[in-house]
Amino acid sequence: MVGDPIKTDLRKFSYKNFYELDKGFDFYAPQTYEDDQHRRIMFGWLGNSKSEYPTDKNNWAHMLTMPRELWIDGEYILQKPLEELKGLRKNKRILQNSQNLTSSSFELECHVEGSFEIILSNEDGDSVSFSGNEEDYCFDRGNMTYVYAEKFGTVRWAKRLEQNQILRIFADRSSLEIFCDNGKTVFTSRIFLSSPSHLSVKGAEGNLYDLIPS
């Protein structure tokens, strides 16, 4: 919520609208700080204490999100990947309609204007998908290798706010972070896809980067 300064003596906060900070499945307990460049930086907890994860049997469940810089734009809090994350890019390739992956850690930076669909899959046909039309986005993880926490659903929807835009999508083994609408709409989720090896893309043009360890 973006509104007037809080009146602590009256315990009152005036605002117009409420917007979900994240539209995905696994985003919790965000914390922010101001860095030495006076940027407001946020990390979130990439996990959900109410979900059982496939990695629980290994005594490991959660992680942190990537650092995100925050801005206020009208009623919205914008989230954008920290600029320094571009330093992790290597092996720039032009995005193809059908493309084999060389790494399970990668970034997509692609332009979309109308309807689009992006599918990450493996040799067995297991997949996760992110798509959009003129009205909505849809993130579907119901066809993963290891589907979990089904009582909370396997599909997330969000209203599309901008048509002509640049999407940025970061995958790192079992994490997926998707930035849409110039940072107004973000999906953060865990994904459990055994040996992801392929990308299928419709309605999007841009670049694919492998990511090196930080």
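User: How many bridges join β10 to β11?
Analyst: Four bridges join β10 to β11, and the two strands run antiparallel. Strands are DSSP runs (E, at least two residues) numbered from the N terminus, and two of them pair if DSSP finds at least two bridges between them. The model is predicted, so local features need pLDDT of at least 70 and side-chain atom pairs count only at pLDDT 80 or more, while totals for chains, interfaces and linings use all residues. Residues are numbered from 1 along each chain as its sequence is written, and side-chain values use heavy atoms, with hydrogens and water left out.

User: Which residue stands opposite glycine 132 in β11?
Analyst: Tyrosine 137 is opposite glycine 132. The hairpin of β10 and β11 has three residues between the strands.

User: And how do β9 and β10 pair, parallel or antiparallel?
Analyst: They pair in the antiparallel sense, over six bridges. Leucine 120 has valine 128 in β10 as its bridge partner. These strands form a hairpin with five residues between them, and glycine 125 in the turn has a positive phi of about 90°.

User: How many residues of β10 are buried?
Analyst: Six of its six residues are buried, where buried means under 20% relative accessible area with a 1.4 Å probe, protein chains only. Ser127, Ser129 and Ser131 point one way, and Val128, Phe130 and Gly132 point the other way. In a regular strand the side chains alternate between the two faces of the sheet.

User: Changing topic, which residues have the most contacts inside the largest nonpolar core?
Analyst: Ile118 and Phe130 do, in a core of 34 residues. Such a core is a set of buried Ala, Val, Leu, Ile, Met, Phe, Trp, Tyr and Cys residues joined through side-chain atoms within 4.5 Å. The largest share of this core, four residues, comes from β8.

User: What does phenylalanine 130 touch?
Analyst: Its contacts (heavy atoms within 4.5 Å) include Ile118, Tyr137, Leu167 and Phe187, not counting residues up to four places away in sequence.

User: What is the volume of the largest cavity?
Analyst: The volume is about 90 Å³, taken as the space filled by probe spheres set on grid points joined across faces, edges and corners. A cavity is a set of points on a 1 Å grid over the protein atoms alone where a 1.4 Å probe fits but cannot get out, and lining residues have an atom within 4 Å of a point.

User: Which residues line the largest cavity?
Analyst: Among them are Ile118, Leu120, Val128 and Phe130.

Methods:
Buried means under 20% relative accessible area, exposed over 50%, partly exposed in between (1.4 Å probe, protein chains only). On a 1 Å grid over the protein atoms alone, a cavity is a set of points where a 1.4 Å probe fits but cannot get out, and a pocket is an open set with protein on both sides within 12 Å along at least five of seven lines; lining residues have an atom within 4 Å of a point.
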